[in-house]
Structures are given as structure tokens and as C-alpha cells.
Amino acid sequence: MQRTPRTDDATNQRLWRLVGPVVVGGALAALWALWGIASRPTELAGLAALTLVLVGRSFVTVEVRIRSVSDVITPTTAVITLAAVFLPAPEMILGTACGTFLSHMVRRATDPMKVGFNVGKDTIGATAAIAAATAVGTQPILLNPTFTFFDAVPGLFAAFAAYMFVDEIVAHGLFSIITHKPFRQLLLTHFDVRLVTRLGLLGVALATVAAYRVSEWLVLVLPPLAVAIHLAFANKTRTRAGNEAWQRLAEATDEFNSVDQTAVLYAAVRRATDIFSTDQAEVEIDPPGGRPRLVRSNGTEILYDGPPGDAPAAEGYLIPVPLESYRGDADLGQLRLRFRGSDPVRFTEREQYTLRTFTAALCTAIRNAATFAETQRLADSHARAAAQDPLTRLANRRRLQQYGNEILAGQAGVVGVLLIDLNHFKEVNDTLGHAEGDRVLQAVADRLTTATRPDDLVARFGGDEFAILLAGLSAPAIAELRANAILDALAPPIELDDMRISVEATCGVTTGTGGSVGELLRRADIALYQAKQDGQRVVVYAQARDTADVGSLTLGGDLVRALAEHEFMVHFQPIVDLASGRVIAAEALTRWQHPDRGALSPDRFLGAIERSGQLAAFADAVLDQALSAATDWADAGYQIPVAVNVSPRSLLDPSFPDAVARRLSARGVPSSALVIELTESVTLSKLEVVDEVLAALRDQGIRLALDDFGTGFSSLATLARVPVDELKIDRSFVAAMNTSAPGAVVRSTIDLGRSLDLLVVAEGVEREDQRQQLWELGCPAGQGHLFARAMPADRLLAHLNRGEGHLADPLHDTGAVIRMSRSRRARKMNLGPESQGRERST
């Protein structure tokens with residue numbers, strides 16, 4: 001041990017309770033030994049030899065630092081164990097005291113407490129060792145020339161155990177008091193290595209006794225062996241300490257991955273005390289654009305976190321380490337390692353390298369946390385700006401819809417929506433100017449905010465239109481009462497410089513317990529229109545005056561339940577090769593089996609789904625059923641692609657292709673088994689997001705079909721921009737294809753598909769003559785009631801099994817030669833050998 005550092009009063013009291021008895025006990029043992037030597041003639045050669053050996057051990061040491069205390073380990077175990085069986089008790093005890101004292105003088109120790117404690121500890125250990133050897137009947141070898149090796153073995157083991165017990169207990173008791181670490185933890189740290197080393201030294205002692213029995217000169221060979229064992233212990237201890245330090249460093253850098261600055265600083269100060277064995281660690285940072293901050297810890301708890309100037313004073317030897325920026329041209333702050341006492345603490349080369357690595361990782365973590373905080377601040381600022389009206393600082397439409405959907409999803413009672421429009425506000429702008437008009441709007445915003453409750457939300461939609469969302473109403477009638485009270489708050493004149501301006505307003509009111517805020521706003525807008533039309537101040541929405549579907553809001557409220565209870569059922573209408581009657585695909589058609597309204601077609605509920613925010617979940621449910629059917633058909637031997645109609649809004653969602661890919665992967669279905677049917681209305685929008693979504697779908701290998709082709713006003717422009725694989729002729733043209741205009745559309749579509757190498761499918765094929773005519777015109781595929789109505793997947797599979805994949809008889813026998821119109825040209829299609837064999841003209 002090199003240093004007994006200064007400690008606080010409580011620690012000093014505990015320290016003296018241990019050091020005092022050790023010093024006194026050692027002194028009493030030495031006095032007894034001195035009295036024993038003086039009271040009888042003795043040979044002092046053994047005493048002198050023991051003293052010299054103990055002095056010599058000072059030059060073969062291993063230093064292990066524990067916080068501010070250094071434990072110096074020497075090969076004393078072998079020396080004391082041998083002395084206990086070679087020398088009489090007085091010479092052995094006094095030689096140990098003198099040798100330990102002189103070894104400290106050689107190392108120039110100046111602390112009386114340190115010297116006294118170590119001399120006392122070794123003296124007590126030596127006393128215990130020789131007492132144990134004597135207790136088992138061992139006589140000193142120097143006084144017993146006729147001894148045998150086996151006479152000394154019990155004494156060696158007894159002396160070894162007694163000395164090791166005293167040394168371990170007393171030394172680690174002192175470390176526990178000084179470092180405030182648990183005694184058991186310190187005792188067990190590297191105990192296995194210490195035990196193996198001590199046992200090795202015991203082996204040296206046994207070998208020494210055996211060699212001495214043969215020849216006294218052989219003893220000279222054994223000290224190098226003891227030194228080698230001791231140095232091996234040193235190397236093992238350093239290696240293990242290094243590995244543990246690197247493991248703790250790795251754990252610390254893992255904690256530095258947090259983007260929260262507080263978490264990073266707390267981890268730094270806690271980990272630093274452990275990795276570098278300090279009494280305290282603190283980090284002071286002064287980030288650009290931020291406030292200075294200091295965090296201090298003793299490894300167990302955070303002692304301080306706040307401004308550096310307010311931190312309590314701390315004493316002890318300090319090692320400051322600058323935290324430099326990655327360019328090295330500016331400091332982020334300092335890491336400070338503090339040790340009790342004022343004596344310098346020197347780090348080993350390994351500790352210095354670990355410290356540099358630790359501070360580099362800490363610098364990176366602090367910069368990352370600062371960058372994240374700034375990014376988060378900007379994101380929050382942008383989010384507030386995106387959800388806030390810049391003039392009045394009220395919420396905007398987007399924020400009101402977001403908040404309203406959260407309230408509706410939480411099922412927090414009745415929700416009311418008020419839509420408020422200021423009357424004759426244009427006259428204020430025209431008379432006083434827009435600047436004064438803005439002041440009026442700001443005053444109105446303040447009054448609306450004051451008149452509402454904390455859970456309500458006031459928003460400005462632009463111009464002189466405001467909206468208020470009333471949350472948690474106990475009954476729908478409360479909304480009208482609240483609306484009148486809020487308009488009353490607008491009644492007092494507004495003081496505007498030297499003028500007093502009266503503001504009147506009209507309000508539309510609606511309530512609901514489900515659905516979407518968008519539908520509630522639509523209804524509130526209808527009520528507001530009615531109020532202005534009738535000259536009333538407040539009007540509550542009435543279904544009777546709503547020209548839209550009065551049940552759409554109710555349907556919107558049923559959607560969550562419908563999706564959860566799988567009320568949406570997918571049926572499949574086969575698409576058939578017109579020539580052979582073979583099924584080549586199937587179109588998925590969705591019906592809502594509503595428990596109260598029965599089967600609803602998509603045109604009845606799709607609008608409600610798109611307004612409700614449940615579109616993604618609905619599309620996922622439909623796609624899952626469609627791909628499940630394709631899997632069942634494939635397992636039965638029918639490789640039939642399934643065509644799924646998608647809502648135009650789905651193509652406006654950039655995440656839609658990824659959702660489709662996940663569903664294909666989950667079902668194990670190849671992308672070639674899926675056809676996405678599009679409508680011209682969305683593909684003609686020329687929105688960049690639509691083009692990106694379609695390109696992503698095509699890149700996955702999914703086929704695209706243009707549904708109801710010909711009904712749009714710019715079909716050719718669509719084909720020039722959208723990479724489709726199929727064209728579907730609308731049923732209205734098929735039904736009237738014997739008339740001039742529809743017939744021309746059908747013929748031109750078939751020719752266009754042939755020219756562009758696209759599959760053409762005719763919808764609404766009802767009669768056999770339509771099938772024959774379409775085939776003769778060159779249309780390869782069709783669907784309609786002639787072949788089958790839409791049916792569940794298992795029923796379609798049963799039909800396929802009965803007809804071996806065919807739903808109609810071939811138009812002609814295999815190998816027949818059919819005379820066809822000269823205008824028809826051969827078409828390359830992947831419809832199978834049956835169809836291709838019949839498409840020859842002679």
C-alpha cells in the first residue's frame with residue numbers, strides 16, 4: 001500500500017477503529033518477541049536473514065490501484081510461511097517487523113499511519129502463522145537437525161492458511177473503509193488469481209523445505225522460482241484488469257448510444273467512476289447555443305446536476321480531461337476524475353489509452369445528443385407551424401382534424417363541432433384595411449379561446465372562418481347551448497384604437513360519437529349554410545336537409561367494428577379465355593355484409609372508408625383474402641392470378657407498395673400472381689406520388705390493369721404515361737357494341753391492345769353471341785354472367801374442379817380451321833396452346 005488518503009470525519013473514525021488495533025497488536029507482538037530474544041541466548045542469523053529477505057521483496061512488487069489507494073503485492077506469503085517452520089517464534093516475529101519497516105524505508109514511505117499499519121499487519125500475520133504452525137506440533141527446523149520433510153508439512157499448511165487469512169481480512173477491510181466499496185466485493189475481486197498465486201508460493205515453500213533437507217545450498221535455486229510465480233501473477237492480474245476495463249468501456253459506449261443528453265451525461269459520470277476507479281467523476285459541458293451544465297456522481301448516485309457556478313465545492317486530487325470537438329478547434333467541456341486526498345494519482349499506459357477512448361466516445365455522444373435535440377427542436381417548431389394558424393396562433397384545419405380523430409378514437413363521450421363565420425367581415429377589411437382586419441381576427445381568436453374549456457380546441461380555417469371542437473359532451477344538446485354562449489362572448493364591441501367595432505357571427509353545429517372529423521366538419525358546414533340561408537344565428541345539423549347520403553356517417557362509425565369482425569367478404573368473378581373457356585384469372589369483388597343493412601356494394605361504403613382513415617386497413621384485409629384464395633387455387637393445381645381493385649387514394653400513399661410487398665411475402669405468393677386494377681381518374685391526375693407508387697408496384701413484378709377503359713376522356717394519354725399490362729373494356733361498350741360508336745370503341749381498344757402487346761379483357765359478357773363476336777374481333781379474354789357470377793373462393797375452386805379449369809365449352813373443336821375477317825391479325829398472347837392453336841386465319 002502506498003497511500004492512506006485523507007478522508008472525511010466519519011471515514012476517519014472507522015479507519016482508526018481498524019488501524020489502531022492493528023498497530024497496537026503488531027507492537028505488542030514485536031515487544032513480546034524482543035523480550036523473548038533478550039531473556040535467552042539465541043542465534044540471530046535467522047532473524048537477520050528474514051529481515052534481509054523482507055527488505056529485498058520491495059524490489060519485486062505488483063501495484064494494483066483501487067481509487068486513490070494503491071495495493072502493492074509482494075511474495076511475502078512464501079517468506080512468512082517458510083519463516084514459521086524454520087525460525088523460533090521470537091526471531092520470526094521480530095524479523096518480520098524489522099523487515100517490513102525497513103522495506104518501507106527503502107521505498108521512502110513518509111506517512112506514519114501507512115508504515116504503522118503495514119508493519120502491524122505483517123507482524124500480526126507472522127504471529128498468527130507461527131502460532132498455527134506451533135499448534136500443529138511443528139518444531140523450528142533450525143533447532144531440530146533431525147527433522148523430516150513430512151514433519152514440516154503440517155506447519156507449512158497451517159502457517160500459510162493463518163497468514164493468508166489475516167492478510168486478506170485486514171487489507172481488504174482497510175480498502176473497504178477508504179473506498180466506500182463493499183468488503184465482500186473487494187475480497188472477491190481477483191480472489192481466484194490471488195489464491196492460485198499464493199498456492200504457487202506455498203509450493204515454493206514446500207520445495208524449499210525439501211531442498212534444504214537434501215542440501216542447504218539448493219535453497220539458493222528457489223528464490224528465482226518464487227519471483228517467476230509472482231511475476232506470472234502480476235501479468236495475470238494486469239490482463240484480467242485490462243479485459244474488465246475494456247468490457248466496462250464497451251458497456252459505457254453502448255449507453256452513449258442514447259440521443260438524450262441527460263442519459264449520456266449520467267452514464268458518463270457513473271461509468272467513469274467504475275472504469276477509472278475514482279471517488280467522483282463529473283462532466284461540465286458548454287455547448288454552442290446551449291446552457292453550461294455540470295453533472296457530478298460518486299458512481300452510485302448523481303450528486304449534482306445544474307449550472308457549474310452553483311455546484312458545491314469538491315476537494316481531492318483532480319485529473320481534468322478536455323472534451324474536444326471532432327475538428328479539435330473547440331472544447332465541448334471537461335471530464336474530471338476526482339480522488340480523495342491530495343497525493344497525485346498516476347494512470348498506467350493502459351488506463352491512459354482507455355481514458356482517451358472513453359472521452360472520444362463521450363464527445364461523439366454529446367455531439368449526437370445535441371444534434372438530435374436541435375433536430376427535435378426544429379421538428380417540433382415545424383410541427384407547430386404546420387398545425388398553427390400564423391396570424392392568430394390558433395390551431396389550423398390539420399391540427400383540428402388530428403386532435404378530433406384522437407378524441408373520437410378514445411370514445412370520450414359526445415364530440416361537437418362548431419363552424420363559425422363572421423358576418424360582413426369583408427366590410428371591415430374594405431373600410432379599415434387588412435391590417436386592422438387582422439387585429440379584429442386576433443381579438444376574435446382571443447375571445448373564442450377564453451370562452452372554451454381546456455379540452456376544447458379552437459381553430460382558424462382561413463379568412464373569417466373559425467372552428468371549435470367540443471370534447472367530452474354529456475349529451476348532443478349541450479353543443480347548441482355552448483355555441484350560443486360562445487357567440488355571446490363575441491357580442492361586446494372590440495376596442496380598436498379610437499373605434500369600437502361590433503362583430504356578429506353565424507354558427508353551424510353538429511355532434512357525433514364516431515366516424516371522422518372530416519364528416520363532422522362536412523355536416524357542420526351544411527348547418528352553417530342553412531343558418532346563413534335562413535338568417536339564424538345557430539343551426540344544428542339536420543339529416544333531412546343533407547343532400548349527401550345520410551347514412552354515411554353511421555357507416556363510418558361502423559368501420560372499425562366491421563374490420564375487426566371480418567364483415568368485408570371478397571368474392572371472385574373468373575376471367576375466361578374466350579376461345580377455350582379456360583379460366584385465366586379472377587377479379588376480387590368486395591361486399592360488406594352489414595349486420596343491419598345487408599350486403600353493401602363498394603359504391604355504398606368506399607367513400608366512408610376513404611374519409612374515415614381506415615383505408616389502409618381495409619385494403620390490407622381485401623388483399624389478404626385475395627392472396628389467400630390464389631394460394632388455395634395454386635395448391636389445387638390452378639395457377640390463376642387474382643385482380644384487385646384499389647382505391648384512387650391508395651395510389652396517393654407512398655407506403656402502399658411496401659404494404660403490398662409485405663402481404664405477398666406473408667402469404668408466400670409470387671408477385672406475378674397479383675394484378676392491380678386502376679381507374680383512369682387517378683392515373684390522369686399526373687401527380688408525382690402516383691407515378692412513384694405505380695413504378696414501385698411494377699418494379700416488384702406486379703401487373704397493372706386499366707379498368708373501365710374508354711370511359712375516361714383521355715385514355716390514350718393515360719396509356720402513354722402509365723405502364724399498364726392489361727386493358728379492360730367497360731361493360732357499357734360491350735352491351736352496345738353492335739351500334740356504331742360503342743362498336744368502334746370496342747374494335748379500337750382491341751386493336752390498340754394488340755399493337756401495344758397488352759391483354760384485353762371485355763367486361764359484362766352476358767350472351768354467347770357477344771363472346772363469339774368479341775373473339776372474332778380479336779379480344780382474347782372476357783368476364784361476365786355468361787361464364788359465372790362473383791362467388792366465394794371455395795365455390796370457384798369447385799367449379800374449376802368440375803370443368804378441369806374450364807367454365808365454358810370451346811368455341812371450336814381442336815384443330816378446326818376457322819375462316820375469319822382479313823382485318824384480324826395474329827396476336828401473341830400467353831393464353832395457352834389451346835387458344836393459340838385456334839387463332840389462325842386461312
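## Nonpolar surface patch

Val24, Leu28, Leu31 and Leu34 form a nonpolar patch on the surface of this predicted model, and together these side chains account for about 400 Å² of accessible area. Leucine 34 belongs to helix H1, which spans residues 9-38. Its relative accessible area is 46%, so leucine 34 is classed as partly exposed.

## Aromatic pairs around phenylalanine 568

Six aromatic pairs are found in a search of the whole structure. One of them joins phenylalanine 568 and tryptophan 592, whose ring centres are 4.9 Å apart; the planes meet at 40 degrees, so this pair is tilted. Because phenylalanine 568 lies in strand E15 (residues 568-577) and tryptophan 592 in strand E16 (residues 583-594), the contact ties together parts that are 24 residues apart in sequence. Both phenylalanine 568 and tryptophan 592 are buried.

Phenylalanine 568 also pairs with phenylalanine 618, with ring centres 5.0 Å apart. Here the planes are at 75 degrees, so the arrangement is edge-to-face. This pair links distant parts of the chain, 50 residues apart: phenylalanine 568 is in strand E15, and phenylalanine 618 is in helix H19 (residues 615-635). Phenylalanine 568 has a relative accessibility of 3% and therefore counts as buried; phenylalanine 618, at 10%, likewise counts as buried.

A single aromatic cluster is formed by Phe568, Trp592, Phe605 and Phe618.

## A charge over a ring

Arginine 397 places its charged end over the ring of phenylalanine 461. The distance from that charged end to the ring centre of phenylalanine 461 is 4.0 Å.

Terms used. Residues are numbered from 1 along each chain as its sequence is written. This is a predicted model: local features need pLDDT of at least 70, side-chain atom pairs count only at pLDDT 80 or more; totals for chains, interfaces and linings use all residues. Side-chain values use heavy atoms; hydrogens and water are left out. Patches are made of residues with over 30% relative accessible area and no salt bridge: like charges are joined within 9 Å, nonpolar side chains (Val, Leu, Ile, Met, Phe, Trp, Tyr) within 5 Å. Accessible areas come from the Shrake-Rupley method with a 1.4 Å probe; for residues, only the protein chains shown count as cover. A salt bridge is a side-chain nitrogen of Lys or Arg within 4 Å of a carboxyl oxygen of Asp or Glu. Helices (H or I, at least four residues) and strands (E, at least two) are DSSP runs, numbered from the N terminus. Buried means under 20% relative accessible area, exposed over 50%, partly exposed in between (1.4 Å probe, protein chains only). Rings of Phe, Tyr and Trp (its six-membered ring) pair if their centres lie within 6.5 Å; planes under 30 degrees apart count as stacked, over 60 as edge-to-face and the rest as tilted. A charge sits over a ring if NZ of Lys or CZ of Arg is within 6 Å of the ring centre and within 35 degrees of the ring normal.
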